[in-house]
Amino acid sequence: MRIGAHVDSADPLAEAAARGADTVQFFLSDPQGWKAPKPREDADRLRAADVDLYVHAPYVINVATLNNRIRIPSRKLLVGHADAAAAIGAQGLIVHGGHVNSGADLTVGFDNWRKTFAYAAETGGFKLPVLIENTAGGDNACARRLDALARLWDAVGEYEVGFCLDTCHAHAGGEDLLGLVDRVKAITGRIDLVHANNSKGAFNSGQDRHDNLGGGTIDPELVVAVIRAAGAPVVVETPGGAAGQGADIDFLREQLGGSPAA
């Protein structure tokens, strides 16, 4: 099982080595900004590395919203990040499920997701798997609760779309981790990546606040059980830099019987 961490984008391979990680996730641009990603000078080195790469799309992207000034730039930015992530040999592009405006019909948000994949298909489709991630908060979210996720998959399931399961988001979003993998797979048919995070917030708090695996409000054994059941690569998005994340990676390898990266 490939286990790694979300790291700084300046030198992801050095960050991987510092953590003993065989997978890394990083941003290609400011996660709170709208600028398109620039070509990376280390693209050849990244493509040739033994480390598996994942790219996280900016947080500002919300293709579900009814606000044209956000939705249309979000579509374009998502396609741009998919192109840039494919150029460095990434395994997938993770993007949050998004939400609609307060009081708006969530059905429109699901249809806006469908239109996003249709928009990409007009130019040949996304160049790598897009992994929609469940989110922790919001009453108008497209991927917080499994009932909403099922409606989202009804809208986008005809396209080649993947799923990223975040344990903190699920717990804080009000979904019990026990048996969660089976319930998710019954909807999506797949889990492509697990974000293994503990949660500072309580169950169903709606708080997106990650903690290290040995802290927080989730029994670490539940996180391990999710990973074991999912059988997918793992990324920790936990605090503490190389030391904190390295300890979380070591814990998971001890529990799952994995070995450090060569």
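D166 has H195 of β7 as its bridge partner. Strand β6 (residues 161–166) pairs with strand β7 (residues 193–195) in the parallel sense, over three bridges. Two strands count as paired if DSSP finds at least two bridges between them. Strands are DSSP runs of E with at least two residues, helices are runs of H or I with at least four, and both are numbered from the N terminus.

This is a predicted model: local features need pLDDT of at least 70, side-chain atom pairs count only at pLDDT 80 or more, and totals for chains, interfaces and linings use all residues. Residues are numbered from 1 along each chain as its sequence is written, and side-chain values use heavy atoms, without hydrogens or water.

The strands form a closed barrel of eight, in the order β1-β2-β3-β4-β5-β6-β7-β10, with parallel pairing. Twist from one strand to the next averages 30°. Angles run from 0 to 180 degrees between N-to-C directions, with axes fitted to C-alpha atoms, for helices over the stretch in contact.

Helix α4 (residues 106–121) lies across β4 (92–96), β5 (130–133) and β6, and runs at about 165° to β5.

Now helix α1. Buried means under 20% relative accessible area, exposed over 50% (1.4 Å probe, protein chains only).

| Residues of α1 (residues 12–19) | State |
|---|---|
| P12, L13, A16, R19 | buried |
| A17, A18 | exposed, on the other side of α1 |

Contact means heavy atoms within 4.5 Å. G20 follows α1, with a positive phi near 65°.
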